[in-house]
Amino acid sequence: MFVFLYFGLCGIIISTICKYAVKKCRKVAERNMRANTVHSSDKAVEAFYAFDIHCNAFVPFFFVNFIVQYFLLFFLLAKSYMATLSANALQGFGYSYYFYMTFKGYSVLPFIRNKEYFLIPIGIIVPVFIAMTVFGINSSTLFIDLIRWCLCTASNKIGFYPSITSIVDRGFGVLAVSYTHL
């Protein structure tokens, strides 16, 4: 449930932002060209194309931030600097690779100039994760807390009471959730 919500909600938001960014870049490029060439068109990027780019970028992001992180939780949730560094590096790589794949998806469009603007989020992500590492904030624990919050919120709406047994706090690296119907 959480993955589908994360996939769908982020996909709609990021696809919409990128669609308008492409529209703005195209207008700037057409103003700079001042001539009707093959690449100047009245068409904008379709919403489904923008969402398709999100889908293609989400697959490696999902693999790194959900699957690899799950298998490394035992190590990533330890109370050490190396665990914090590894968790933040893994999360930072996943988010950076997502935006790099988004950049690659939009870079094939011939009517866009200044395609490098799609790499700007990477320039924001890297210092944020470096600062998190310096201050000892582990991104994996934040991610687990987000999943716990989503599970509690979603289960309360459908009539189930979550009994979350967190073996994570005991150092085993597993989040066990059992539901009881009210």
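Before you click: residues are numbered from 1 along each chain as its sequence is written, and side-chain values use heavy atoms, with hydrogens and water left out. Since this is a prediction, local features need pLDDT of at least 70 and side-chain atom pairs count only at pLDDT 80 or more, while totals for chains, interfaces and linings use all residues.

**Whole chain.** Start with a cartoon view: you'll find six helices and two strands, in the order α-α-α-α-α-α-β-β from the N terminus. These are DSSP runs, numbered from the N terminus (helices H or I, at least four residues; strands E, at least two). Of the 182 residues, 35% are buried, meaning under 20% relative accessible area with a 1.4 Å probe, protein chains only.

**Helix α5.** Select V126, I130, V134, F135, I137 and L142, which make a nonpolar patch of about 600 Å². Helix α5 (residues 120-134) gives the largest share, three residues, and I130 lies in that helix.

**T84.** Now jump to T84 in helix α4 (residues 81-107). T84 is buried, at 7% relative accessible area. Leaving aside neighbours within four places in sequence, show its contacts: T133, G136, I137 and N138. You've already selected I137, as part of the nonpolar patch.

Definitions and conventions
Buried < 20%, exposed > 50% of the residue type's maximum accessible area, 1.4 Å probe, protein only. Patch = residues over 30% accessible without salt bridge, like charges linked within 9 Å, V, L, I, M, F, W, Y side chains within 5 Å. Areas by Shrake-Rupley, 256 points an atom, 1.4 Å probe, with all protein chains shown as cover. Salt bridge = Lys/Arg side-chain N within 4 Å of Asp/Glu carboxyl O. Contact = heavy atoms within 4.5 Å.
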